[in-house]
Amino acid sequence: MNIRSAPAVRYEMVDGTALIAIDNPPVNASSHDVRTALLEAVRQAEADEAVDAIAIFGAGRTFIAGADIREFGKPPKDPILPDVNNAIEACAKPVIAILHGTALGGGFEVALAAHARIALPGTQVGLPEVTLGVLPGAGGTQRAPRLIGIAKALEIITEGRRIGAEEALEMGLIDRIAEGEPRDVALEMAEEVRQGNLGTRRTGELQVSPDDAAIADVSERLKAKQAHLFSPHKAVEAVAGCTGPLAEGLAQERALFRQCIESPQRAGLIHAFFAERAVAKIPEAGATPRPVAGAGVIGGGTMGSGIATAMLLAGLNVTLVERDEEALARGRASVEGNLAQAVKRGKLDEAKRAAILAERLKATTDLGALAEADLIVEAVFEDLEVKTELFARLDAIAREGAVLATNTSYLDVDRIAAATSRPQDVVGLHFFSPAHVMKLIEVVVGDKTAAEVVATGFALAKRLRKIAVRAGVCDGFIGNRILAHYRKSVDYLMMDGATPQQIDPALTGFGFAMGPFAVSDLAGLDIGWATRKRHAAMRPAEERYIPIADRICEEGWFGRKTGKGFYVYPQGGKPEPNPEVARIIDEERAKAGILPRNFEDDEIVDRYMTAMIAEAARVLEDGIAQRPIDIDAVFLFGYGFPRFRGGPLHYADTLGAKELVARIERYAEEDAHYWQVPPLLARMAREGTRFADMNEG
C-alpha cells in the first residue's frame, strides 16, 4: 500500500489500483485545490507502471456535489474543469468513478469523463446548471447525449432535475449500482475491470444519432414556457452540436457557456442561490431551538390545513383544532386531500399516507387537547380581537415553554403576545398559501420574543424544507407591507387607462409567475377588502383611493373561490376576463372625470417595479428586514418574483439609485403623495452606493 496526500485529494495505491479520494468537506466541491490535485493524481497514476486501474471516489458523505460557491463570480483559475475532465477521458488506463450522495453539475461531468460509472444506492446525479443561469460547461452537453441520446439529454439538462440511481441506470448514465463503502466498491470495481466483467470506454468516442425532432420540440417548448430565460436555450444549442467530433462540440459548449456567464440572468440566479443561504444568518443563530415533536394547529381552513399537512409530511404529530364538528370535518378532509395529492406526485406512498392519518393526525374541537403541544400555530380569521382572545385562552392551556405562534398576515404580533403572560414565547410564523407547497415562512420577531423561540421558528422551517426570513413587527411585515404599497400602482394604472388584461401579461412577460390581478383572484379578493376596510379610518385624506376592487367584492365576487373576480373561472375551462369588471372600471373613471390614456407594457413594468423597490427601501430603513437580500428572498420564495432577476433589490441595483429617484420624481408630478423618494434611496443616489453593499456590510 502506498499513500500520498495533496490538498483536498488523497492518493492511495493498492495492488495495482490507484485510489483517488476527493476530500474537500463538507460537499467535496470542485474547488481550485480539488481540480489541481485531481489532475496531478490522474497524471501520476497514468505514469506509474504499477497502476493498471484508477478509481475516483468521494470521502465523507458525497461524491463531488458541484462547483465551489466561493468561486462564483470570480475569474476562473487553471486548471479549469474542462481540462481536468479531458485529461481523465484521455487517460490511457481505465478510470472508474464511484458515486455516492450527490454528483451534480461539474461533479457529474467528472463522472461522465470517466470510463465507467458506478453508483451506490441512494445516489442522485444531475446537471442543474440552468438553475444558476449557465449550462454544463465541462463536457456535460457533449458526453451525456453520447450515453443516453439527444432527447433524454435535453430533458435532464434543460430541466436541471436530479435523477436517482435507479433511473440513471435505466437511462444509461451509469453502468451499475453497487452496495458498500465507496473505497471498498472502488477496489471491487477495479478488479471487475481486470477480470473483464465491467466494460470501460471513452464517452467522447461514442457515436450519437442526430435527433432534429427532439431539438425542435424542446426549442418550441422553451419558447412557449421559458422565452424570457437565456441559459436553457443556449443549452439546446450546445447539445445540438454533439453529433460531430468531441473537440468541436466542447469548443462550442465553452463558447455558449461564456455567453451565459456574461448574461445578467446568471448574476440574478446566483444572487437567488445565495439568498436562500444568507437568510439563515440571524442575530439569534447561536440560540438553541426548543425541541418540537408534537404541534397544534388551530383552524382547519385553507391555511391551517396546509400548515398541518406540511408538519405531517415532516414527521411531526399534529393536533388540528376547529370550532365545531362541521368545520373540523372540512379541515380533516382538506388535509386528507393534500396528502392524497402528495401520493399522486410521488412524494408519499399510500401506506405512509394511511399511517400518517391513523397515527399522527388528531382532529378535535377541544382546545384543551393542545395542553402538551410543543408548538401551537394559530391560523384563524384575520381579526385582531379574535386572535388576542384566542391567545389569552391558550395562555391558560399551553404547557410552560411551548412556542405560541400566530400565522397572521398583517396584524401586530406584539399586541397578540400582550394577551398572554408569556410574550417571550410568542412569535409570528407567517406561512404562504398553499402552506404545504409554498417555500417561504416569515418569522416575525416581537419586542419580547425570546432568542430560542426565534431559533425554533427557523429550525421548524428547515424541518419543513422551507425558507425562513426574519421580519420585524409592522403592518404586513416584509412581504405584505411592500405588496400593499406596490399593489396600488396597478390600481392607478387600471384607473388611468390600462386594463387588467394588459397589466397581467405585461408583468408575466417581465417574468412574474402570475399577474397581480390573477394573484388577487387566487388569494381571494375578500382578504384585501378586509384589510382596506381595517385601514379606512387611518387613510390619509390626500391618498388617491381606487374603489374598483371594493365594488367587485360588494358583488360577492372574491376570485377563484367564488368562480368570479377580475376573471371568470368556468369549470374545466381557462379563466376569461370578467366583462362586468370593465363596466365597473368605466363607471369609476366617469365618476372621477378621468379620460383614459394608453400605457406601453414597459411603463407598466417600470411603475410597478419602482413602487415595489421604493417601499422595500423603506422597509429596510425601518429595520423590518435585516438586509436587502432578505427582502429579495421573501419575494423570490413567497411572491413569484422572477428568479433570474434575483429579487427586487438586486434588480434595483441593475437600474441604479439615480434612475429610480428620477422615475419617482417624474411620477410625483401626477401624484406627489404616492410617489415619494425614500430617504435611503436618495442617499444612495447621492453617494453612488448599491443595495448589494448593505448585504456585504
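This is a predicted model: local features need pLDDT of at least 70, side-chain atom pairs count only at pLDDT 80 or more; totals for chains, interfaces and linings use all residues.
Reader: Is T17 buried or exposed?
Author: T17 lies in strand β3, residues 17-22. Buried means under 20% relative accessible area. T17 has 1% relative accessibility, so T17 counts as buried.

Reader: Which residues is T17 in contact with, leaving aside its neighbours within four places in sequence?
Author: One of them is L187, 170 residues apart from T17 along the chain. Yet the C-alpha atoms of T17 and L187 are separated by 7.0 Å. With the neighbours within four places left aside, the contacts of T17 are E12, D52, A53, L187, A190 and R194.

Reader: How many Å apart in space are V292 and D447, C-alpha to C-alpha?
Author: V292 is found in the loop between α11 (264-278) and β11 (294-298). In sequence, V292 and D447 are 155 residues apart. In space, their C-alpha atoms are apart by 23 Å.

Reader: Why does V292 count as buried?
Author: Leaving aside neighbours within four places in sequence, V292 is in contact with L316, D374, L375, T456 and R463. The cut-off for buried is under 20% relative accessible area. V292 counts as buried because its relative accessibility is 15%.

Reader: How are α8 and α9 oriented, roughly parallel or roughly antiparallel?
Author: Helix α8 spans residues 212-225 and helix α9 spans residues 231-240. Their axes come within 10 Å and cross at roughly 170°. Angles over 145 degrees count as roughly antiparallel. So α8 and α9 are roughly antiparallel.

Reader: How many charged residues has the contact of α8 with α9?
Author: From α8 come I215, V218, S219, L222 and K223. From α9 come P232, H233, V236 and A240. By class, there are six nonpolar residues, two polar and, for charged, one.

Reader: Which residues of helix α20 are buried?
Author: Helix α20 covers residues 516-523. What covers its buried residues includes α18, α19, α21, β19 and α24. After α20 comes G524, whose phi is positive, near 110°. The buried residues of α20 are P516, F517, A518, S520 and D521.

Reader: How many nonpolar residues has the contact of α24 with α25?
Author: α24 passes α25 in a right-handed crossing. The contact is made by M612, A616, V619 and L620 of α24 and P628, I631 and F635 of α25. By class, no residue there is polar and none is charged; the nonpolar count is seven.

Reader: What kind of aromatic pair do Y486 and Y608 form, stacked or edge-to-face?
Author: A search of the whole structure finds 14 aromatic pairs. In the pair of Y486 and Y608, the ring centres lie 5.0 Å apart, with 75° between the planes. Planes over 60 degrees apart count as edge-to-face. So the pair of Y486 and Y608 is edge-to-face.

Reader: Which helices hold Y486 and Y608?
Author: Y486 counts as buried, at 3% relative accessibility. Y608 is buried too, with a relative accessible area of 5%. The pair links distant parts of the chain, 122 residues apart. Y486 is in helix α18 and Y608 is in helix α24.

Reader: Which residues do ring pairs link into a cluster?
Author: Y486 and Y608 form an aromatic pair. Both belong to the cluster. Its members are F432, Y486, F510, F512, Y608, F635, Y639, F641 and Y651.

Notes. Residues are numbered from 1 along each chain as its sequence is written. Side-chain values use heavy atoms; hydrogens and water are left out. Buried means under 20% relative accessible area, exposed over 50%, partly exposed in between (1.4 Å probe, protein chains only). Helices (H or I, at least four residues) and strands (E, at least two) are DSSP runs, numbered from the N terminus. Contact means heavy atoms within 4.5 Å. A crossing is left-handed if the near helix is turned anticlockwise from the far one by less than a right angle, and right-handed if clockwise. Ala, Val, Leu, Ile, Met, Phe, Trp, Tyr, Cys and Pro count as nonpolar, Asp, Glu, Lys and Arg as charged, and the others, Gly among them, as polar. Rings of Phe, Tyr and Trp (its six-membered ring) pair if their centres lie within 6.5 Å; planes under 30 degrees apart count as stacked, over 60 as edge-to-face and the rest as tilted. Axes are lines fitted to C-alpha atoms, for helices over the stretch in contact, and angles run from 0 to 180 degrees between N-to-C directions. Angles under 35 degrees count as roughly parallel, over 145 as roughly antiparallel, 65 to 115 as roughly perpendicular and the rest as oblique.
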